[in-house]
Amino acid sequence: MNIDLSLAEGLKTPFYLYDVSILNRTLQEINKCIAGKPIKVHYAVKANCNPRILSLIAEAGLGADCVSGREVSAAIKAGFNPDDICYAGVGKTDRELILAMKSGIAYLNVESIEELEVLDNLALEFGYRPNICLRVNPNIDAHTHQYITTGLQENKFGINLAMLDEAVELARNAKSLNLIGLHFHIGSQITDMTPFALLCNKVNELVDYFQKKGVNFRVINVGGGLGIDYDDPDANPIPDFKNYFDTLLKNLKIHEGQEIHCELGRAVVAQCGSLISRVTFVKKGVNRKFIILDAGMNDLIRPALYGAHHKIQNVSVDLSDSESKPATDIYDVAGPICESSDVFGKDEELPVTVRGDIFALRSAGAYAECMASTYNIRPIPETIFVD
Ligand code: LLP
């Protein structure tokens, strides 16, 4: 991503910068990989719900995976066809369940026997017959950060395998529900394909098991989770979708008429975004030097919340002339928030930096703008789109 410094001239920093061409290339690659295959991708709206990003993704023909009633409404407003929308969530309120049914979305992913009963009663009361998938907790370790692993038995998500028989029976006998499939999601930022292959084996086992009992599933939703390269976004701006979809196609026993649904979020949007910030101070400590940015953990919470690292670039220093490599120094890069965890990087080797330099925190298209807060009464940053 080429960050044009003139963009920051006269603009109030920090702001999120989105590169539409990277997003479009990512979407083209996804569409190329799944063309002619029984795979449908629902973009996980939670990763970035900026209306313009949503519209671009809807235009590319992807569906939407939502986790709140307001996400369902935002997806429809952005141009997603309700037929292409699914809705998961462990705590959908009655209001949200009714809104989803009224909107005529493709299906709801039901996460518990308790939800199944409530939804069935609401559907009957309001005269709907929604399609549902049962979200299964497959007890598979995604080997990712503990806060973003979701498919382990002790996680709150989905129906435990031990309760699945009962849930399938209840769903089939429900008065007003139409059971069409199973849903899974094992975690996020997964870069090794092994957990996905293990998930496929578990899916095959369950599909066979239920087929023997006379239950066929039209939809198998394997969730999201494909990771991206946070260390070198310029070398790998587009995630390895081919490897991911090939893993699914190779390992899943896809039955006649069955559709495989995926819910990719991060892999679709992370690399098209950067958080652009200005250096407020370069501060000397006793043994350390600090770069204090005008962006903080309220604008990009991933480092503070998950110990995540986004590539930090001083874009005011021209690195293109490799003959004269700029002098560097070692810095801790932090934000202005009154929390010790408001740090974007420790011991970062960066070009010698001065007050006023422009910095980019890369790969901030996913789980950045949508997780921003007004902590310390700070404003939510503006967004700038470039082609
Ligand atoms: N489907 C379900 C049911 C999910 O819970 C999630 C993400 C996704 C799909 C999309 O996963 P993705 O393809 O983006 O990995 N805020 C965290 C990530 C939380 C992910 C929550 N669920 C982060 O910044 O790393």
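The model is predicted, so I kept its limits in mind: local features need pLDDT of at least 70, side-chain atom pairs count only at pLDDT 80 or more, and totals for chains, interfaces and linings use all residues. Residues are numbered from 1 along each chain as its sequence is written, and side-chain values use heavy atoms, with hydrogens and water left out.

**Gln271**

I placed Gln271 in the loop between α9 (266-269) and β11 (273-284); helices (H or I, at least four residues) and strands (E, at least two) are DSSP runs numbered from the N terminus. Leaving aside neighbours within four places in sequence, I listed Ile22, Ile228, Asp229, Pro233, Asn236, Pro237 and Ser363 as its contacts (heavy atoms within 4.5 Å). For Asp229 I also noted that the backbone oxygen lies 3.0 Å from a polar side-chain atom of Gln271.

**Helix α2**

I went through α2 (residues 51-59) and found Ile53, Leu54, Leu56, Ile57 and Ala58 buried. These buried residues pack against β1 (15-19), α1 (20-34), β2 (39-44), α3 (69-78), α9 and β17 (382-386). At the N-terminal end Asn50 is the cap, with a side-chain oxygen 2.9 Å from the backbone nitrogen of Arg52. After the helix comes Gly61, with a positive phi near 95 degrees.

**Cores**

I checked the largest nonpolar core and got 104 residues, with Ile57, Ile132, Leu134, Tyr244 and Phe245 having the most contacts inside it. Such a core is a set of buried Ala, Val, Leu, Ile, Met, Phe, Trp, Tyr and Cys residues joined through side-chain atoms within 4.5 Å. Another core, of ten residues, lies apart from it and includes Ile3, Leu17, Ile276 and Ala360.

**Ligand**

I counted 18 residues around the ligand, of which Ser188, Glu263, Arg302, Tyr306 and Tyr367 come nearest (a heavy atom within 4 Å). By class, this shell has six nonpolar, six polar and six charged residues (Ala, Val, Leu, Ile, Met, Phe, Trp, Tyr, Cys and Pro count as nonpolar, Asp, Glu, Lys and Arg as charged, the others, Gly among them, as polar). For Arg302, a polar side-chain atom lies 2.6 Å from a ligand oxygen atom. For Tyr306, the distance from a polar side-chain atom to a ligand nitrogen atom is 2.7 Å. Taken alone the ligand exposes 590 Å², and the protein buries 92% of that (Shrake-Rupley method, 1.4 Å probe).

Conventions
Buried means under 20% relative accessible area, exposed over 50%, partly exposed in between (1.4 Å probe, protein chains only). A polar contact is a pair of N or O atoms within 3.5 Å; within protein, one must be able to donate a hydrogen and the other to accept it, and residues adjacent in sequence count only if both atoms are side-chain atoms.
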